[in-house]
Amino acid sequence: MSTRIAFLKGHGTENDFVIVPDPENAIDLPPAAVAALCDRRAGIGGDGLLHVVRSAAHPEAEDMATEAEWFMDYRNGDGSVAEMCGNGVRVFARYLQRAGHVWEGDLTVATRGGVKTVHIAKDGGITVGMGKARLPEGDVTVSVGERSWPARNVNMGNPHAVAFVDDLAHAGDLHTPPPFTPASAYPDGVNVEFVVDRGPGHVALRVHERGSGETRSCGTGACAVAVAAARRDGADPAVTGTPVTYTVDVPGGTLVITERPDGEVEMTGPAVIVAEGEIDPEWLEQLAR
């Protein structure tokens, strides 16, 4: 690597990301390099990494290139690959706007969880079409210490276990993955949300994100929580024909989630780019070996 590598830093409700623009998919980013870049002491620091690649240049996205020019090659903070990141899609769209690739209005973004529709509003808010929630059958239980709760299994392109609790402090430190049963429910691990009620149509959460630990926000998690809360409250837009909207407080801010009668879930929230710079190519090359 003879030239320095650009990066940016951004966040969506304080779920923060290292952004690496790489339109032609020319930069090698093995798990160790991603984890080092996301390290908050020895690297740049982030809950995850947004690798910005043209869909046609990435083997996992080339079949989506006719629908979406850009592919969000998302990685967790530990370097592992993830299907989707809702806050990440908003920050990804904000980067594309900053770089002059897109403008206010509608665009599409390819992800491992499928093609997502995005709307950049004039007021700065970004709405992401998160797709339809799947609600796998079967009982799930999550635990913290001696406490345990039934959890709703919700899949938003990635897996979630949503547990309603009396106090968010009962979630513990969330540094390590909360145990769950049965193991067969989530063979590849799971994002776990602990949820309390704040009022009608208003909830708050804490989350352990698979591969990242506790984060300040989780977009897919907020969507999973809104869907689980709606079903708990007896609301199913597919049955009533009426959209259901929940305000979801996360430690880093607030997201607004709407489930439409056709099953599509929309998430609206902020996205901010806070810095940009260059990565030392020799340091990154050593990590890639």
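Which residues are buried in α2? In this helix, Gly 86, Asn 87, Gly 88, Val 89, Arg 90, Val 91, Phe 92, Ala 93, Arg 94, Tyr 95 and Leu 96 are buried. Buried here means under 20% relative accessible area, with exposed over 50% and partly exposed in between, using a 1.4 Å probe and protein chains only.

Some housekeeping. This is a predicted model, in which local features need pLDDT of at least 70 and side-chain atom pairs count only at pLDDT 80 or more, while totals for chains, interfaces and linings use all residues. Residues are numbered from 1 along each chain as its sequence is written, and side-chain values use heavy atoms, with hydrogens and water left out. Helices (H or I, at least four residues) and strands (E, at least two) are DSSP runs, numbered from the N terminus.

Back to α2, residues 86-98. Its 13 residues should span 18 Å at 1.5 Å a residue, and the end C-alpha atoms are 19 Å apart, which agrees. The expected span is 1.5 Å times one less than the number of residues. After the helix comes Gly 100, with a positive phi near 85°.

Next, α3, residues 219-232. Here 12 of the 14 residues are buried, so the helix is largely enclosed by the rest of the structure.

Now the cores. A nonpolar core is a set of buried Ala, Val, Leu, Ile, Met, Phe, Trp, Tyr and Cys residues joined through side-chain atoms within 4.5 Å. The largest has 53 residues, and Met 72 and Ile 257 touch the most other members. Helix α3 gives the largest share of this core, 9 residues. Apart from it lies another core, of 16 residues, among them Val 142, Ala 151, Tyr 186 and Ala 204.

Last, the strands. Of the 6 residues of β10 (residues 159-164), 5 are buried, so the strand is largely enclosed by the rest of the structure. Two strands pair if DSSP finds at least two bridges between them. Strand β9 (residues 147-155) pairs with β10 in the antiparallel sense over 5 bridges, and Arg 152 stands opposite Val 162 in β10. The two strands form a hairpin with 3 residues between them, and Gly 157 in the turn has a positive phi of about 95°. Strand β12 (residues 191-199) runs parallel to β10, joined by 5 bridges. There, Asn 191 is the bridge partner of His 160.
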